[in-house]
Amino acid sequence: MGKVIRFMAQGIGASRRAVFLAGVHDGVPIALGYFVVAFTLGILAKTAGLTPWQGFVTSMVNIASAGEYAGFTVIAAQAPYLEIAVLTLVANARYFLMAAALTQRFSPELPLLHRLAVSFGVTDEIFGITVARGGTLDPYYNYGAMAISVPAWSAGTAIGIAAGDVLPAMALSALSVALYGMFTWIILPPTKKSRPIAAMVAASFVLSAAAAYAPGLSELSDGTRTIILTLLIAGIGAALCPIKEEQEGRNA
């Protein structure tokens with residue numbers, strides 16, 4: 001990993017190399033966290049029948065815990081390709097907004113290729129450290145953060161899948177529960193700060209349970225029900241409790 005980063009850094013100018021290495025530096029703690037989370041995600045991917053190489057490639061091109069969790073779940077349920085694609089798109093839709101926000105912080109002269117490359121590696125954590133820098137953003141900072149965090153994420157998934165062949169059943173069960181704990185940790189802080197978000201989270205619990213037994217909806221696959229409920233709850237929440245531009249600026 002270190003040789004790859006040094007090789008990438010040597011191929012760019014001095015100022016850009018400094019920015020790139022700053023991104024690597026800030027991306028190290030993200031990479032460590034990604035590896036742990038991806039390892040538990042790999043346990044789920046193992047149950048879906050993926051090989052370590054397939055898991056590595058999937059994480060390399062997706063880079064999203066919620067999106068991959070949804071994808072691995074419906075793969076395990078042998079869902080059709082269209083359902084997998086739509087569910088993954090819905091789960092990752094927030095990255096469109098993050099990428100759009102970042103593009104406003106780049107220089108107007110920045111080529112489209114750089115904008116697309118940065119958008120590919122947008123995650124919650126990389127977005128956070130990027131906007132925290134302030135001023136006009138340099139894409140090489142994002143490249144540095146991606147260079148250390150994305151391989152760690154992909155390797156964690158692959159190693160988690162491989163570990164599924166050697167770890168005892170009790171350990172696999174405990175690690176699979178840890179993944180649900182991660183998602184609980186994700187939703188708890190926003191629910192404490194925002195009553196509308198707390199209401200939508202509670203509604204998602206109730207409606208998900210109801211949909212599993214409701215006539216018509218219960219006959220649909222888990223992935224299709226998740227897509228319908230996600231669009232329904234998010235749409236109602238956005239319509240009833242829109243976020244004003246001033247609040248968005250404070251959150252950023």
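Pocket lining and helix packing

Student: How much space lies in the second largest pocket?
Tutor: About 270 Å³. A pocket here is an open set of points on a 1 Å grid over the protein atoms alone, where a 1.4 Å probe fits, with protein on both sides within 12 Å along at least five of seven lines; lining residues have an atom within 4 Å of a point. The volume is the space filled by probe spheres set on the points, which are joined across faces, edges and corners.

Student: What sort of model is this?
Tutor: A predicted one, where local features need pLDDT of at least 70 and side-chain atom pairs pLDDT 80 or more, while totals for chains, interfaces and linings use all residues. Numbering starts from 1 along each chain as its sequence is written, and side-chain values use heavy atoms, without hydrogens or water.

Student: Back to the pocket. Which residues line it?
Tutor: Val61, Asn62, Ile63, Thr88, Leu89, Asn92, Tyr95, Phe96, Ala99, Ser119, Phe120 and Val122. They divide into 8 nonpolar, 4 polar and no charged. Nonpolar covers Ala, Val, Leu, Ile, Met, Phe, Trp, Tyr, Cys and Pro; charged covers Asp, Glu, Lys and Arg; the others, Gly among them, are polar.

Student: Which helices supply at least two residues each?
Tutor: H3 (52-62), H5 (81-91), H6 (94-103) and H7 (112-120). H6 gives the largest share, 3 residues. Helices are DSSP runs of H or I, at least four residues, numbered from the N terminus.

Student: New topic. At what angle do H3 and H4 pack?
Tutor: About 140°, with the axis of H3 10 Å from that of H4 (residues 65-76). Axes are lines fitted to C-alpha atoms over the stretch in contact, and angles run from 0 to 180 degrees between N-to-C directions. That angle makes H3 oblique to H4. Angles under 35 degrees count as roughly parallel, over 145 as roughly antiparallel, 65 to 115 as roughly perpendicular and the rest as oblique.

Student: Which residues meet there?
Tutor: Thr58, Ser59 and Asn62 in H3 meet Gly67, Glu68 and Phe72 in H4, with contact meaning heavy atoms within 4.5 Å. The set holds 1 nonpolar, 4 polar and 1 charged.

Student: And how do H3 and H9 cross?
Tutor: At roughly 150°, with the axes of H3 and H9 (residues 139-163) coming within 8 Å. That makes H3 roughly antiparallel to H9. H3 brings Pro52, Gly55, Phe56, Ser59 and Met60; the H9 side includes Val150, Trp153, Ala158 and Ile161.

Student: What about H4 and H5?
Tutor: Their axes come within 8 Å and cross at roughly 160°, which makes H4 roughly antiparallel to H5. Ala66, Gly67, Ala70, Gly71, Val74 and Ile75 of H4 meet Glu83, Ile84, Leu87, Thr88 and Ala91 of H5. That contact has 7 nonpolar, 3 polar and 1 charged.
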